Amino acid sequence: MRAPVPLVPLVGLVALAATGARADWPEFRGPSCNGHAAAPGDRTPLGLPLRWSETENVTWRTPIPHRGWSTPVILRGQIWLTTATRDGHDFFVIRLDARTGRIDLNRRLFHADEPEPLGNNVNGYASPSPVIEPGRVYIHFGSYGTACLDTATAKVLWQRTDLPCRHYRGPASSPVLFENLLILSFDGVDVQYTIALDKTTGHTVWKTDRSTVWRDLDAQGKPKREGDFRKAFCTPLVVDAGGTPLMISLGAKAAFAYDPRTGREIWKTHHTGHSSSPRPVFGHGMAFVTTGLGTTEMWAIRVDGRGDVTDTHVAWKARRDIPGLSSPLLVGDLLYMVNDRGAASCRDARTGKLVWKQRIGGNYAASPIYADGRLYFCNQQGKTTVLKPARTCQILATNRLDTGLMASPAVAGRALLLRTKTHLYRIEAQAHRP
């Protein structure tokens with residue numbers, strides 16, 4: 001494999017390349033899969049608002065029934081998101097008009113007679129975000145069901161309910177599109193694998209089991225805590241590694257790189273963390289990954305390795321103030337993040353050296369976004385802190401809504417779409433309202 005170059009992730013770009021259409025926000029973490037609202041090199045201002053409240057710069061707010069932490073996706077004036085009943089028996093897809101906020105589709109896709117209790121207050125049954133491309137939207141609820149819908153007619157084109165996984169704490173890994181494939185991750189207490197479906201038919205193209213070496217057996221030879229240390233919730237990332245597509249995929253106790261066309265494992269690392277949720281980011285020839293809970297670290301891994309690269313390709317590690325839930329942001333040479341307890345920090349991406357650290361308050365699960373030269377961090381209590389990306393911590397604004405965010409923000413033109421625990425908001429400057 002040739003030496004890697006710091007190109008953008010491929011997933012979101014590939015999904016729309018065939019038609020030339022550009023989605024505002026096609027999947028979890030946006031058009032480049034890294035939290036950036038604009039395309040690489042595009043410095044045209046979007047005109048996003050800097051300030052808002054329940055009474056300022058709100059174009060519309062729409063109550064969303066039931067419960068879900070999935071990020072909305074937006075294409076051609078349509079907003080799609082998922083929700084589920086709190087007891088996990090019924091799973092829904094919702095479509096809204098992006099201009100008015102009106103719900104024009106609210107359909108139950110799947111039902112579970114005996115859903116497994118979540119056993120925590122962090123996750124839900126509708127955490128995986130949809131992914132959209134011209135004409136089709138792909139809806140995923142983990143082992144409870146996956147479906148492809150026609151975006152014009154809302155007709156179900158295909159669905160799968162035969163992909164096993166005992167999520168134990170609920171599903172959370174979002175699907176990704178790559179070429180003709182829809183790629184899904186299943187890291188449960190019983191099975192751990194990644195699988196690619198033909199996006200046109202839903203048929204399985206390849207399936208690869210994790211090659212993790214487990215060291216979690218108790219005195220009776222059974223996995224500790226029913227296999228709780230074998231789970232992961234991460235969404236994979238496909239990157240260009242020197243002209244070769246490479247899928248970075250995080251499981252429990254290990255990070256992997258696969259050939260996304262075949263599922264062949266290229267390299268892996270091993271560590272002691274579990275339940276990793278933050279999605280990796282990529283730049284400077286390195287994948288920046290978190291190890292999950294237990295031992296929560298950020299690792300910078302050079303992606304041009306083969307086999308077990310734990311001792312050969314990890315450029316740096318950091319342990320302090322690393323998020324367990326929220327994904328990082330890479331802007332130029334700087335890596336920004338906020339941990340679960342509200343400690344924001346900035347590190348030099350090439351060396352891992354801490355540049356600054358600042359408490360911005362609250363608890364965080366939503367992943368931040370970068371847009372209009374600003375960093376937006378949304379917390380579970382309803383506050384969004386807007387920062388300037390720089391080598392010093394510069395707070396530009398703080399904004400509050402009545403309820404907090406578990407879902408990551410999205411961008412639609414000049415508007416922010418913020419999904420709180422109860423509503424979906426369209427936030428934009430008054431002069432820009434439709």
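Helices, as H or I runs of at least four residues, and strands, as E runs of at least two, are DSSP runs numbered from the N terminus. In this predicted model, arginine 29 falls in the loop that links helix 1 (11-17) with strand 1. The mean pLDDT of the protein is 93, with 94% of its residues reaching 70 or more.

**Confidence**

- Residues 1-7 keep a pLDDT under 50 throughout, and the model gives this stretch 26 contacts beyond four places in sequence.
- The pLDDT is likewise below 50 over residues 14-21, a stretch that has 13 contacts in the model beyond near neighbours in sequence.

**Arginine 29**

- Arginine 29 is buried yet takes part in no salt bridge, and the nearest side chain of opposite charge, that of glutamate 27, is 7.8 Å away.
- Once residues up to four places away in sequence are set aside, arginine 29 touches Asn34, Gly35, His36, Arg279, Val281, Ser327, Pro328, Leu329, Ser367 and Pro368.

**Proline 409**

- Proline 409 sits in the loop between strand 30 (394-400) and strand 31, and it counts as buried because its relative accessibility is 2%, where the cut-off for buried is under 20%.
- Although proline 409 and phenylalanine 28 are 381 residues apart along the chain, their C-alpha atoms are separated by 9.0 Å.
- Neighbours within four places in sequence aside, the contacts of proline 409 are with Trp25, Thr71, Ser367, Ile369, Cys378, Leu417 and Leu418.

- An open sheet with mixed pairing is formed by 5 strands in the order 14-15-16-17-21, and its edge strands, strand 14 and strand 21 (307-308), each pair on one side only.
- Strand 15 (residues 244-251) is mostly covered, since 7 of its 8 residues are buried.
- On one side, strand 15 pairs with strand 14 (residues 237-241) in the antiparallel sense over 5 bridges, and aspartate 240 has proline 245 of strand 15 as its bridge partner.
- The hairpin of strand 14 and strand 15 has 2 residues between the strands, and glycine 242 in this hairpin adopts a positive phi near 65°.
- Strand 15 also pairs with strand 16 (residues 254-258), again antiparallel and over 5 bridges, with leucine 250 standing opposite alanine 255 of strand 16.
- In the hairpin of strand 15 and strand 16, where 2 residues lie between the strands, lysine 253 takes a positive phi near 65°.
- Strand 17 (residues 265-270) and strand 21 run parallel and are joined by 2 bridges; in strand 21, glycine 307 is the bridge partner of tryptophan 267.

**Nonpolar cores**

- The largest nonpolar core has 30 residues, of which Ile79, Tyr376, Leu416, Leu417, Leu418 and Leu424 touch the most other members.
- At least two residues of this core come from each of several strands, including strand 1 (58-63), strand 3 (78-84), strand 4 (90-97), strand 28 (374-378), strand 32 (415-419) and strand 33 (423-427).
- Apart from this core lies another, of 21 residues, whose members include Trp80, Phe110, Ala112 and Ile139.
- Leucine 417, with residues up to four places away in sequence not counted, touches Trp60, Ile74, Ile79, Pro409, Ala410, Ala412, Leu424, Tyr425 and Arg426.

Definitions and conventions:
Residues are numbered from 1 along each chain as its sequence is written. This is a predicted model: local features need pLDDT of at least 70, side-chain atom pairs count only at pLDDT 80 or more; totals for chains, interfaces and linings use all residues. Side-chain values use heavy atoms; hydrogens and water are left out. Buried means under 20% relative accessible area, exposed over 50%, partly exposed in between (1.4 Å probe, protein chains only). Two strands pair if DSSP finds at least two bridges between them. A nonpolar core is a set of buried Ala, Val, Leu, Ile, Met, Phe, Trp, Tyr and Cys residues joined through side-chain atoms within 4.5 Å. Contact means heavy atoms within 4.5 Å. pLDDT is the predictor's confidence in each residue, from 0 to 100. Lys and Arg count as positive and Asp and Glu as negative; His and the chain ends are not counted. A salt bridge is a side-chain nitrogen of Lys or Arg within 4 Å of a carboxyl oxygen of Asp or Glu.
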